[in-house]
Amino acid sequence: MGTFEVKAYPEMWKSLGMNVERFEKMRVMLGDVYTKAFLSQKNRPQRMDYFNHIISEIHGGRVMEILDAKKQGKPVVGTFCVFVPEELVLAAGGVCVGLCGGSQGSVPDAETVLPRNICPMVKSAYGFKLGKICPYFQSVDFVYGETTCDAKKKTWEVLDRLVPTHVMEIPQMKRERDRVLWLEEVKDFKKKMEEVSGKTITSADITKATTVMNEKRKALQRLNALRAHASAPISGKDALLIEQIAFYDEPVRFAEKLNALCDELDQRVREGNGVAPKTAPRILVSGTPMALPNWKVHNLIENAGGIVVNEESCIGTRYFKDLMDEKNGSMDAQLSALTDRYMKIDCSCFTPNTERVDQVLKEYQTSGAQGILHYCLQFCHTYNIEAIKIKEACDKKNIPFLAIESDYSPEDTGQLQTRIEAFLEQVRG
Ligand code: BJ8
């Protein structure tokens with residue numbers, strides 16, 4: 001298994017105003033959990049080494065790169081949702097970093113201020129800032145929130161006291177008049193990026209940024225397609241890890257390293273060298289995002305002998321399924337195309353949102369899955385209610401379906417394990 005360590009950078013953490021003592025404990029814990037969950041896997045692709053390295057430097061090396069960019073005057077933007085157009089951050093020469101929280105460790109901090117009965121992802125993110133236990137949160141110039149769900153949009157109002165927080169209005173429907181509003185929001189975001197970077201964004205900048213983002217998304221698509229083979233060449237856990245790292249890593253390098261891994265996976269597919277027996281139940285996980293280090297459900301499924309072959313989620317296909325037209329054009333045409341690309345995202349915060357039901361069924365087909373596990377973070381009402389329609393669609397097609405709702409605490413692990421084991425039995429049957 002080898003020794004693995006998440007590297008410590010106490011001096012840098014101190015300079016970022018962090019609670020070093022507390023963070024040090026979290027660092028050690030992350031290393032232990034990672035070793036148990038990831039390094040213990042059998043027949044892991046060799047080129048996962050790069051992603052191991054990223055995790056070992058997640059609290060240091062990557063933060064240093066971001067701070068270097070900042071020193072060069074590049075804006076660093078924190079985001080919480082795949083609706084914020086990253087292309088415009090890159091076009092302004094900036095760095096985009098995902099700040100969604102996936103850890104129980106920061107939830108008690110948040111609960112000193114926020115209500116307990118809201119989404120754990122929102123609480124975890126807020127708690128990281130409040131407790132000064134996230135080097136990324138300490139490094140961003142500002143954060144860009146959105147009005148997708150109530151928990152998020154009201155949290156931004158109190159988060160703004162701790163870090164400058166701008167909010168992008170995301171409409172709740174997709175009519176022509178909603179598109180008009182959305183386009184205005186995209187234009188405002190561009191203006192904001194120009195303001196903080198002191199740079200006027202040109203059409204050529206957007207074209208270049210689009211190419212970078214498309215390459216990154218294409219590499220993620222390629223990884224996902226490889227998982228569809230009968231002998232899945234990579235575990236669901238590793239694929240999820242890569243999808244999580246996509247929100248932190250430098251995008252050009254990330255795409256390059258991921259393509260290198262996919263070359264190895266191609267080879268494995270040719271050799272029929274899978275990470276699980278061909279008889280392992282293949283599961284598509286659909287629903288709310290799983291932010292780093294939320295590996296709970298994948299761990300349970302794969303420890304019980306199943307294999308996760310697809311994440312229909314924002315930390316998953318919803319992030320990379322749609323590319324953008326790279327053609328140079330007028331600025332207006334580009335912003336319009338950008339708006340159209342982002343409007344394709346089928347988040348449950350929209351009504352109606354029938355395209356998501358179709359998308360889940362489509363991914364079920366293309367991934368060669370044999371069952372769908374709908375994952376909903378506790379108190380996420382829109383995904384929770386939308387699960388009704390996904391279940392109905394599955395019932396019609398005789399697709400085995402299980403809906404679970406969970407938070408980040410370990411308390412429900414035993415109960416989930418029992419339900420997941422029974423579900424895998426049903427899939428096998
Ligand atoms: S586009 S899924 S990233 S909003 S899980 S915080 S909705 S209560 S994460 Fe999301 Fe954008 Fe939609 Fe994707 Fe609220 Fe639900 Fe929590 Fe959520």
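Tyr342 touches Val82, Phe83, Val84, Pro85, Glu86, Glu87, Trp182 and Arg217, leaving out residues up to four places away in sequence. Contact here means heavy atoms within 4.5 Å. This is a predicted model: local features need pLDDT of at least 70 and side-chain atom pairs pLDDT 80 or more, while totals for chains, interfaces and linings use all residues. Residues are numbered from 1 along each chain as its sequence is written, and side-chain values use heavy atoms, without hydrogens or water.

**Tyr342**

- Tyr342 sits in helix H16, residues 331-343. Helices are DSSP runs of H or I with at least four residues, numbered from the N terminus.
- Tyr342 is buried, because its relative accessible area is 1%. Buried means under 20% (1.4 Å probe, protein chains only).
- The Tyr342 side chain reaches the backbone nitrogen of Glu86 at 3.4 Å. Glu86 is also among the residues that Tyr342 touches.
- Thr413 is 71 residues from Tyr342 in sequence, and their C-alpha atoms are 35 Å apart.

**Arg62**

- Arg62 belongs to helix H4, which covers residues 61-71.
- With 9% relative accessibility, Arg62 counts as buried.
- The side chain of Arg62 reaches the backbone oxygen of Tyr248 at 2.6 Å.
- Beyond four places in sequence, Arg62 touches Glu57, Val95, Tyr136, Tyr248, Asp249, Glu250 and Arg253.

**Glu386**

- Helix H18, residues 381-396, holds Glu386.
- Glu386 counts as buried, because its relative accessibility is 11%.
- The side chains of Glu386 and Arg356 are joined by a polar contact of 2.8 Å. A polar contact is a pair of N or O atoms within 3.5 Å; within protein, one must be able to donate a hydrogen and the other to accept it, and sequence-adjacent residues count only if both atoms are side-chain atoms.
- Arg356 is also in the contact list of Glu386, together with Ser348, Phe350 and Asn353, not counting residues up to four places away.

**Asp109**

- Asp109 lies in helix H6, residues 107-110.
- At 14% relative accessibility, Asp109 is classed as buried.
- Asp109 is in contact with Arg22, Gly127, Leu130, Gly131 and Ile133, once neighbours within four places in sequence are set aside.
- Ala228 is 119 residues from Asp109 along the chain, with 41 Å between their C-alpha atoms.

**Ligand shell**

- The ligand is surrounded by 18 residues, each with a heavy atom within 4 Å.
- The closest of these residues are Cys81, Cys149, Cys314, Cys347 and Cys380.
- The shell around the ligand has 14 nonpolar, two polar and two charged residues. Ala, Val, Leu, Ile, Met, Phe, Trp, Tyr, Cys and Pro count as nonpolar, Asp, Glu, Lys and Arg as charged, and the others, Gly among them, as polar.

**Second largest pocket**

- The second largest pocket is lined by 36 residues. A pocket is an open set of points on a 1 Å grid over the protein atoms alone, where a 1.4 Å probe fits, with protein on both sides within 12 Å along at least five of seven lines; lining residues have an atom within 4 Å of a point.
- Leu30, Gly102, Ser103, Gln104 and Pro293 lie nearest the centre of this pocket.
- Three helices each supply at least two residues of the lining: H2 (20-39), H8 (135-139) and H14 (296-303).
- H2 gives the largest share of the lining, seven residues.
- The lining of this pocket divides into 21 nonpolar, 12 polar and three charged residues.

Technical notes:
Buried means under 20% relative accessible area, exposed over 50%, partly exposed in between (1.4 Å probe, protein chains only).
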